[in-house]
Amino acid sequence: MLRLTDFIIDCPDTMELAAFYSEVTGRPVKEGSHGHWAGIRFGEIELAFIRVEDYRPPQWPDTQHPKQFHLDFEVDDIEAEQSRVLALGATLQQDSIGPDGYGWRVYTDPVGHPFCLCRNKGVIWTDQGPTWSKSE
């Protein structure tokens, strides 16, 4: 049996980046987190941060220093969420919201990892999170 248990992000300061994503997601930093490893639980999966000496951030969209991964967050109010993540230290990199209000925006976190806030047509929010209608 194979299960995804962790998504681990390299960074120069685990607690600082964990605090950023804790504020972004509204989930607490895992008890026992420290300067070399910090985590945030999402059910069975942990978003984890590991301290790396001589950390060099990706330079999105530069292909010489590729992003390697990015996180997407589906939101119901992209303007409100943008204000919140910018206030937390994110930087807007690209706006791909169409005239109908749907699309995505690319940001970088305080240490350069890209992530997106997305607003997709047909998303229905439930207690278990977003689901997509079959007609969209």
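Predicted model: local features only at pLDDT ≥ 70, side-chain atom pairs only at ≥ 80, totals over all residues.
Residues are numbered from 1 along each chain as its sequence is written, and side-chain values use heavy atoms, with hydrogens and water left out.

The chain comprises 2 helices and 9 strands, taken as DSSP runs numbered from the N terminus (helices: H or I, at least four residues; strands: E, at least two). Of the 136 residues, 33% are buried (buried, under 20% relative accessible area; exposed, over 50%; partly exposed, in between; 1.4 Å probe, protein chains only). Among contacts (heavy atoms within 4.5 Å) with a separation of 6 or more, 49% involve residues 24 or more positions apart.

An open sheet of mixed pairing is formed by 3 strands in the order β1-β3-β2, where pairing requires at least two DSSP bridges between two strands. Because β1 (6-11) and β2 (37-42) each have a single partner strand, they stand at the edges, and one side of each lacks a neighbour in the sheet. Neighbouring strands are turned against each other by 20 degrees on average, direction ignored. Parallel pairing joins β1 and β3 over 6 bridges, and I9 stands opposite F49 in β3. Helix α1 (residues 14-25) packs on this sheet, touching β1, β2 and β3, and its direction makes about 20 degrees with that of β2. Axes are lines fitted to C-alpha atoms, for helices over the stretch in contact, with angles from 0 to 180 degrees between N-to-C directions.

H70 lies in the loop between β3 (45-51) and β4 (71-74) and is partly exposed, at 33% relative accessibility. Its side chain makes a polar contact of 3.1 Å with that of D72 (N or O atoms within 3.5 Å, one able to donate a hydrogen and the other to accept it within protein; residues adjacent in sequence count only if both atoms are side-chain atoms). Beyond neighbours within four places in sequence, H70 contacts P114, F115 and C116.

The structure contains 0 disulfides (cysteine sulfur pairs within 2.5 Å). For C116, the nearest cysteine sulfur, that of C118, is 5.2 Å away. C116 is buried at 7% relative accessibility, and C11 is buried at 0%.
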